[in-house]
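Here is a short report on one protein model. Look at the structure first, then read on.

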Amino acid sequence: MAIREILTVPNSILKQVSKPVEAVTDETRALMDDMLETMYAAPGIGLAAVQIGVPINVIVMDLAKDDEEPAPKYFINPEILELDEEFIPYDEGCLSIPDVFDTVDRPKRCKLTYLDYNGEKVTEWAEGLYAVCIQHEMDHLKGIVFIDHLSRLKRERAIKKVQKAEKLKATG
Ligand code: ZN
């Protein structure tokens, strides 16, 4: 396993539409292992493959609280089947947009289907933080980041903030 570099906005790779995975192989699992390690190290609760520069439909997530056992979840080729009509606001953040948080309204629940770590098909309802997180991560697969849901002013401000921080990091 290895920690990979997480791309930040406005990297154009983050705008790419990810491609479906044709077969779940050891290579797919090795990628997911790296993604999970990268996500834990960040630390974060969700990561899409495109965020480490691999535009394929793969997501990892762990919503366990600090005092709970790790509970990694893996999603290959996830699809939303149904969305709740009721929306809830949630203060979102993203590893590709460090230190920026803002409120996004998303459907409260969603029914999704995906392949798990072993390539087995799973269909289930997600709600609460799980629903928010999977919708946020699935946006990444379409080349969308959460600040795209905000006003243009807020989006530009967020990108400038990230660029400034990156520049400071580069110059030490
Ligand atoms: Zn994100």
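The accessible surface of the protein comes to about 9,800 Å². Carbon and sulfur atoms hold 52% of that surface. Such areas come from the Shrake-Rupley method with a 1.4 Å probe, and for residues only the protein chains shown count as cover.

This is a predicted model: local features need pLDDT of at least 70, side-chain atom pairs count only at pLDDT 80 or more, and totals for chains, interfaces and linings use all residues. Residues are numbered from 1 along each chain as its sequence is written, and side-chain values use heavy atoms, with hydrogens and water left out.

The protein has three helices and seven strands. These are DSSP runs numbered from the N terminus: helices (H or I) have at least four residues, strands (E) at least two. From the N terminus on, the order is α-β-β-β-β-β-β-β-α-α.

Of the 172 residues, 40% are buried, meaning under 20% relative accessible area (1.4 Å probe, protein chains only). A nonpolar core is a set of buried Ala, Val, Leu, Ile, Met, Phe, Trp, Tyr and Cys residues joined through side-chain atoms within 4.5 Å. The largest one has 16 residues; Ile59, Phe75, Leu112, Ala126, Tyr130 and Ile134 touch the most other members.

H2 gives the largest share, six residues.

Note on methods: Buried means under 20% relative accessible area, exposed over 50%, partly exposed in between (1.4 Å probe, protein chains only).
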